[in-house]
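User: I'd like to go through this model with you. Can we begin with charge pairs?
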Amino acid sequence: MLAELNHQLIRDEGHRNKMTVPELEERMKNWLTSEYTAVIFEDGAGTVAYALYREQLKEIYLRQLFVVRNRRREGIGRKAMDILRSKIWTKGKRLTVEVLVKNEAAIAFWRAVGYRDYSLALEILPGTND
């Protein structure tokens, strides 16, 4: 289920990751058996969101937060972040998340829940600057 939701997330955010659902399933299994923790958010209708994060000594890195497509704009993402911050995550740690620059809706969401701009990664892809 997480792999399928991750596949939807990749497509929705415009990421160039071309992994298939079976490949994502294998990657998710590896993450969950090593350094990442997943939280699944449900309501009476079933799964509405999930979060995947890694907690370190001084930081919690939120790798993925995904709200299912037909339940967006209902405050689920904001509620999920509230639950993570108030009931699950250790207090007093730096919280980080990465977002694609072109994903303006996600950037607006992260800023609305309290994240602030810190860095910008730039790249040159092979074959684009010969």
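Analyst: A salt bridge here is a side-chain nitrogen of Lys or Arg within 4 Å of a carboxyl oxygen of Asp or Glu. By this rule the count is 7 salt bridges. The model is predicted: local features need pLDDT of at least 70, side-chain atom pairs count only at pLDDT 80 or more, and totals for chains, interfaces and linings use all residues. Residues are numbered from 1 along each chain as its sequence is written, and side-chain values use heavy atoms, with hydrogens and water left out.

User: What does glutamate 35 form a salt bridge with?
Analyst: Arginine 54, with the closest N and O atoms 3.9 Å apart. This pair links distant parts of the chain: glutamate 35 sits in the loop between α2 and β1, arginine 54 in strand β2, 19 residues apart. Helices (H or I, at least four residues) and strands (E, at least two) are DSSP runs, numbered from the N terminus.

User: Is arginine 54 buried or exposed?
Analyst: Buried, because its relative accessible area is 18%. The cut-offs are under 20% for buried, over 50% for exposed, and partly exposed in between (1.4 Å probe, protein chains only). Glutamate 35 is partly exposed at 43%.

User: Which residues are linked in a network of salt bridges?
Analyst: Asp43, Arg71 and Glu74. Between glutamate 74 and arginine 71 the closest N and O atoms are 2.9 Å apart. Arginine 71 is buried at 17%, while glutamate 74 is partly exposed at 44%.

User: And aspartate 43, what is its bridge partner in β2?
Analyst: Glycine 46. β1 and β2 form a hairpin with 2 residues between them. They run antiparallel, joined by 7 bridges. Two strands pair if DSSP finds at least two bridges between them.

User: New topic. Which residues of helix α3 are buried?
Analyst: In α3 (residues 76-88), they are Ile76, Gly77, Ala80, Met81 and Leu84. They lie on the same side of α3, because they cover an arc of only 140 degrees around the axis. That arc is taken from the directions from the helix axis to the C-beta atoms.

User: What covers them?
Analyst: The cover includes β1 (37-43), β2 (46-55), β3 (59-67) and α4. Contact means heavy atoms within 4.5 Å.

User: Last one. Is leucine 122 buried or exposed?
Analyst: Exposed, because its relative accessibility is 75%. Leucine 122 lies in the segment after α4 (104-112).
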